[in-house]
Every structure is written in structure tokens, then in C-alpha cells.
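Good morning, and thank you for coming. Please look at the model on the screen while I go through it.

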Amino acid sequence: MKENIVADKSRRFAVRIIKLYKYLKENHCEYVMSKQILRCGTSIGANISEAKYAESRDDFVHKLRIALKEAAETAYWLNILNETDYIYPKLYDSLNSDCVELIKLLTNIINTTIDN
């Protein structure tokens, strides 16, 4: 089976987001923002996974656009958590870097698919 880089990266990112969620709950008793980032951060990979079985090119692009929107929301929550000192700058930098990479990959895949 052919390697799917964006699917692999989004799955690894989801695992990191789940660990972040657990950290926020256990160490900061933070339940609202942690739940928000859990939902959007894991939804990226779920939508990418769903796109693999799209019914058409339009459906494929639609699923990836949803993943892209979820990645943008994840970046927003990471910024908020960083600016409110819920996460350390080093952790923020690492997670945000991964999120930005997913955004770039998704944007590239969407644009390439539309152009072909």
C-alpha cells in the first residue's frame, strides 16, 4: 500500500493533541478549551481518512477543505492556549509547527486536485 504522508502526519498530530488534552485536564483542570482543541485537532485526520474513500473528486476536495478548516481552528486554539500560559512556548512551537505543516500540505493537495 502506498504511503500517505498527510494521513500519517495527521494521525501523529491527533495523538499529540490527545496527550495535550489529557495534560490540560490533569495539570490545569482546564475543560473548555481542552475539549475544543481535542475536537478540532483530531477531526483533521478523521476528515483526511474519510477523503480517501470519497465518492468523487468534488467530495474528496470537500473533505480536505473540512480538514483544512479544522486545522485552522486548531491553530487558533493553540495560539490562545499559548497566550494564556496554559502551554509552554516550546510545546506551542512544536505543535504549531506540525499544525502549519498540515495546513500547507492540505492547501497544496486541494489546489493540485482542483487544477487537474
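The side chains of Lys-63 and Glu-50 are joined by a polar contact of 3.1 Å; such a contact is a pair of N or O atoms within 3.5 Å, where within protein one must be able to donate a hydrogen and the other to accept it, and residues adjacent in sequence count only if both atoms are side-chain atoms. This is a predicted model, in which local features need pLDDT of at least 70 and side-chain atom pairs count only at pLDDT 80 or more, while totals for chains, interfaces and linings use all residues. Residues are numbered from 1 along each chain as its sequence is written, and side-chain values use heavy atoms, with hydrogens and water left out.

Is Lys-63 buried or exposed? Lys-63 counts as buried because its relative accessibility is 15%, and buried means under 20% relative accessible area with a 1.4 Å probe, protein chains only. Leaving out residues up to four places away in sequence, Lys-63 touches Asn-47, Glu-50 and Ala-51, contact meaning heavy atoms within 4.5 Å.

Lys-63 lies in helix 3; helices are DSSP runs (H or I) of at least four residues, numbered from the N terminus. The buried residues of helix 3, including Asp-59, Trp-77 and Leu-81, pack against helix 1, helix 2 and helix 4. Just after helix 3, Asp-85 has a positive phi of about 65 degrees.

I turn now to the core. The largest nonpolar core has 27 residues, a core being buried Ala, Val, Leu, Ile, Met, Phe, Trp, Tyr and Cys residues joined through side-chain atoms within 4.5 Å. Helix 3 gives the most to this core, with eight residues.

Note on methods: Buried < 20%, exposed > 50% of the residue type's maximum accessible area, 1.4 Å probe, protein only. Helix = DSSP H or I, 4+ residues; strand = E, 2+ residues; numbered from the N terminus.
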